Amino acid sequence: MQTPNPKMGTGQLKGLGLWHLAALDMFEETQPLLEGFQPYQDGIIATVTRVNAADEALTPVRLKVKLTEMLLEAETRRCFSTCEAVDGKKQGPMSIALFPKGLTAVIQPVGAGQVTAILALLTRGKERNLNTHAQIGPQLQAVKVGCERLDLAVKDREKAYSTLAGAQAAELLAREDFC
């Protein structure tokens, strides 16, 4: 029979464990050994299940970040366009006040970086009292709401990755115990 070693993948160890359990169950003389080996096999199976669940839970969370970013970028572009419309030209005083480095500097960062860039934009708007402007104010409010949503989505993603990391660590420990 093949001997398990820590370099084997978890799937291999799971299969090998099933093989060993079946072999031990074949003979009355070796059946008492099953109860000593079964907890290690159960540990491998439980950690595989936990890792798979954590990995699958990442998909909707990651999608939420991407879609929230896209929506926030659309709101930010609308705000920029409104600034240009109010200014009556490109690179006018409103545009420069809110977007001193241009639109790209605000929408190019992703995730937490975009939250930081948008918060700086909102701070500039507040400092210049643009929140009360008839046309710019509602745009800044929409950007603020989008930024808050993105911030929550990013934090949810961080939690999901942390959960996955914990599951993967538990898997590595179960593999060591198995071997």
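Q: Before we start, what should I know about the numbering and the pLDDT limits?
A: Residues are numbered from 1 along each chain as its sequence is written, and side-chain values use heavy atoms, with hydrogens and water left out. This is a predicted model, where local features need pLDDT of at least 70 and side-chain atom pairs count only at pLDDT 80 or more, while totals for chains, interfaces and linings use all residues.

Q: How are two packed helices described?
A: By the angle between their axes and the distance between the axes. Axes are lines fitted to C-alpha atoms, for helices over the stretch in contact, and the angles run from 0 to 180 degrees between N-to-C directions. The helices themselves are DSSP runs (H or I, at least four residues; strands are E, at least two), numbered from the N terminus. Take H1 (residues 10–25) and H2 (residues 34–87): their packing angle is about 155°, and their axes are 10 Å apart. That makes H1 roughly antiparallel to H2; the label applies to angles over 145 degrees, with under 35 counted as roughly parallel, 65 to 115 as roughly perpendicular and the rest as oblique.

Q: In which hand does H1 pass H2?
A: The crossing is left-handed. Left-handed is the word if the near helix is turned anticlockwise from the far one by less than a right angle, and right-handed if clockwise.

Q: Which residues of H1 and H2 make the contact?
A: Contact here means heavy atoms within 4.5 Å. On the H1 side the residues include Leu13, Gly17, Leu21 and Leu24, and on the H2 side they include Phe37, Gln41, Ile44 and Val48. Sorted by class, this contact has 9 nonpolar, 5 polar and 2 charged residues. For the classes, Ala, Val, Leu, Ile, Met, Phe, Trp, Tyr, Cys and Pro count as nonpolar, Asp, Glu, Lys and Arg as charged, and the others, Gly among them, as polar.

Q: At what angle do H5 and H6 pack?
A: H5 (residues 112–127) and H6 (residues 136–178) pack at about 150°, with their axes 10 Å apart. H5 and H6 are therefore roughly antiparallel to each other, and H5 passes H6 in a left-handed crossing. Among the H5 residues that take part are Val115, Ile118 and Leu122, which meet H6 residues including Val143, Cys147 and Val154. By class, the contact of H5 with H6 comes to 11 nonpolar, 2 polar and 2 charged residues.

Q: How many residues are in the largest nonpolar core?
A: A nonpolar core is a set of buried Ala, Val, Leu, Ile, Met, Phe, Trp, Tyr and Cys residues joined through side-chain atoms within 4.5 Å. Buried means under 20% relative accessible area, exposed over 50%, and partly exposed in between (1.4 Å probe, protein chains only). The largest core here has 24 residues, and those with the most contacts inside it are Leu98, Phe99, Ile118, Leu130, Ile136, Leu140 and Val143. Elements that give two or more residues to this core are H2, H3 (93–98), H4 (104–107), H5 and H6. H6 gives the most, with 7 residues.

Q: What is Ile118 in contact with?
A: Leaving aside neighbours within four places in sequence, Ile118 is in contact with Leu72, Thr76, Val106, Val143 and Cys147. There is also a second, separate core of 11 residues, which includes Leu16, Leu24, Phe37 and Ala174.

Q: Is Gln114 buried or exposed?
A: Gln114 is in H5, and it counts as buried because its relative accessibility is 0%. Not counting residues up to four places away in sequence, Gln114 touches Glu69, Leu72, Glu73, Val106, Ile107, Pro109 and Leu150. Thr68 in H2 also counts as buried, at 11% relative accessibility. Beyond four places in sequence, Thr68 is in contact with Gly146, Arg149, Leu150 and Ala153.

Q: What is the phi of Gln91?
A: Phi of Gln91 is near 55°, a positive value in a residue other than glycine. Gln91 lies in the loop between H2 and H3 and is partly exposed, with a relative accessible area of 46%. Asn129 is not a glycine but has a positive phi of about 60°. Asn129 sits in the loop between H5 and H6 and counts as exposed at 54% relative accessibility.
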